[in-house]
Amino acid sequence: MKALLSAKAVYHCLSALEFLMQQISPSALQQNELSMLPLPVGMMSPDRSTCVGRNGHLFLLGGTNNLEEQYGKADDDPQIIDGSAAWVELLERRADLLYSLGCNYLQMIIPEKTSVLAHWVPFDINPPSSMYRKLIERVSGIERLRARTLDVYALFKTLEHRDECYRKLDSHFSVLGARSVAVASLDVLNLAADIPSDISRSRFLHADLGPKLHPEMKGENTFTLEADSEAKFSSGLISQAPILPPDGRHVGIKRVFTRNDAPIQKKAIAYANSFFERGYSPAGLTWWFARLFREFHFVWSPELDEAYIKRHRPDVVIAQTIERFLPRVPAA
């Protein structure tokens, strides 16, 4: 990607941004008294992982997964052909295992915000990435995989509110986006439940991309459920403290929730990542599934744990991945 701003321009932008951030008082952060800062489209973060897009959005481009490179690969690249074939083999093995155990199975594939909101990205890309496209193409040709796969890119493209499905200063879902995926997940699983939809109350949420531009760009105001709806939907919920791995990493975190009067009287386990998270916010999918199922286990892992599944005997198993992780095929 060609640099859209000179090094001198970036320096002056960051200097101005630092001055502006110094004017923000701690009380403003606590009271949600923040407004969008005027930043030039195309400005890159100092580590070149994040780009300022249009309409106030920040977009992840670099980092350890190098999204920019993924968007540049051709559909017939050998890595794409071999990688997508390896994914299909993995999904077949997962289906064999889970069907043999009597589990309902959902494979969720989440696209990058950069793919869904490409019209706000300040350079040309052909979304989704070639690996995402090729994998969906292969899955679409296998009935039992197609029937149990939620292609969130395709889902969001059908929604009138797709521009509101991701937060502006973050790479993850908004509350509206997370709810939309939760609803679609139940459809794939052939399950039904009433899910509250009155998302109109302002709430401050921390951001993962904002601090890459400046450490004080900590988050943004977003909309969440009205307090009464949230309280009713959360009634009877019991959550255990997260089990943290000894190495301090995210992978390996577990958290279990129970809700005896949940609308779906089944047990579910999700093998997922930060798009689910530990259930603290309705911008994450764990928050919704913990309230929908009688018992819900969140396991932060790209791989399924056969022994854990056999020990807990869930009715439903959800496996989730994100577009940027597709070049690395899990072992199980």
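**Exercise 1. Which residues does serine 174 contact, leaving aside its neighbours within four places in sequence?**

Solution. Start with the list: serine 174 is in contact (heavy atoms within 4.5 Å) with Glu164, Cys165, Tyr166, Arg167 and Ala283, once neighbours within four places in sequence are set aside. A quick note before going on: this is a predicted model, where local features need pLDDT of at least 70, side-chain atom pairs count only at pLDDT 80 or more, and totals for chains, interfaces and linings use all residues. Residues are numbered from 1 along each chain as its sequence is written, and side-chain values use heavy atoms, with hydrogens and water left out.

Serine 174 sits in the loop between helix H8 (152–157) and H9; helices (H or I, at least four residues) and strands (E, at least two) are DSSP runs, numbered from the N terminus. Then look across the chain: proline 282 is 108 residues away in sequence, yet the C-alpha to C-alpha distance to serine 174 is 8.2 Å. Finally, check the side chain, which has a polar atom 3.0 Å from the backbone nitrogen of glycine 177.

**Exercise 2. Is serine 174 buried or exposed, and how many residues of H9 are buried?**

Solution. Take the serine first: its relative accessibility is 5%, so serine 174 counts as buried. The cut-offs are under 20% relative accessible area for buried, over 50% for exposed, and partly exposed in between (1.4 Å probe, protein chains only). Now the helix: 11 of the 14 residues of H9 are buried, so the rest of the structure largely encloses it. Among them are Val175, Gly177, Arg179 and Leu186. To finish, look past the helix end, where asparagine 190 has a positive phi, near 60°.

**Exercise 3. Which strands are joined to E10 by bridges, and do they run parallel or antiparallel?**

Solution. Strands pair if DSSP finds at least two bridges between them. Step one: E8 (residues 254–259) runs antiparallel to E10, with 5 bridges. Step two: E9 (residues 264–272) runs parallel to E10, with 7 bridges. In that pairing, alanine 270 has phenylalanine 298 as its bridge partner in E10.

**Exercise 4. What does histidine 297 touch, not counting residues up to four places away in sequence?**

Solution. Locate histidine 297 in strand E10. With 2% relative accessibility, histidine 297 counts as buried. The residues touched are Arg255, Val256, Lys267, Ala268, Ile269, Ala270, Tyr308 and His312. One of these stands out for its side chain: tyrosine 308 makes a 2.7 Å polar contact with the side chain of histidine 297. A polar contact is a pair of N or O atoms within 3.5 Å; within protein, one must be able to donate a hydrogen and the other to accept it, and residues adjacent in sequence count only if both atoms are side-chain atoms.
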